[in-house]
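Please look at the sequence and the model shown here before reading on.

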Amino acid sequence: PFERATVADLVHGGASIAATAAVVLAMVAVTLARDAGAWLRRLSALAAAVALPLCAAVGLAMLLVGRGTLVGVLERVVLAIAVLWGVAAATTVGLVDRR
């Protein structure tokens, strides 16, 4: 937590934040999309409801605590939710929401 951030650290951090934000906003977008199937919308709403508060917790922890174990664990939980949502959404589209 006390090391100086390099340019590579800042680029990596910015890209990670942008990618995670894109996935979470995709969850919200699918939740609000009327053309998406009911199962997919419910799945996306659940994932977004879990991911959004965790993303806020990551931001607060970065501001209050700094880089460390807490932030690392929270980031990994958010990433796990993103991966699980991606796999579950693909499975739902492939198996349940066929039209």
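Which residues in the largest nonpolar core touch the most other members? Of its 16 residues, these are Met27, Ala51, Leu54, Val58, Leu74, Ile81 and Trp85. Helix 1, helix 2 and helix 3 are the elements that give two or more residues to this core, and its largest share, seven residues, comes from helix 2. A nonpolar core here is a set of buried Ala, Val, Leu, Ile, Met, Phe, Trp, Tyr and Cys residues joined through side-chain atoms within 4.5 Å, and helices are DSSP runs (H or I) of at least four residues, numbered from the N terminus. In soluble globular proteins, nonpolar side chains tend to be buried together.

This is a predicted model, in which local features need pLDDT of at least 70 and side-chain atom pairs count only at pLDDT 80 or more, while totals for chains, interfaces and linings use all residues. Residues are numbered from 1 along each chain as its sequence is written, and side-chain values use heavy atoms, with hydrogens and water left out.

Two residues can be set beside each other, where buried means under 20% relative accessible area, exposed over 50%, and partly exposed in between (1.4 Å probe, protein chains only).

| Residue | Relative accessibility | Class |
|---|---|---|
| Ser44 | 0% | buried |
| Gly66 | 19% | buried |

Ser44 is found in helix 2, which covers residues 38-64. Its side chain is joined to that of Trp85 by a polar contact of 3.1 Å, a polar contact being a pair of N or O atoms within 3.5 Å; within protein, one must be able to donate a hydrogen and the other to accept it, and residues adjacent in sequence count only if both atoms are side-chain atoms. Not counting residues up to four places away in sequence, Ser44 touches Met27, Val30, Thr31 and Trp85, where contact means heavy atoms within 4.5 Å.

Gly66, by contrast, is found in the loop between helix 2 and helix 3. Leaving aside neighbours within four places in sequence, Gly66 is in contact with Ala61 and Val71. Gly66 and Ala36 are 30 residues apart in sequence, and their C-alpha atoms are 39 Å apart in space.

Leu74, one of the core residues named above, touches Leu54, Ala57, Val58 and Ala61, again not counting residues up to four places away in sequence.
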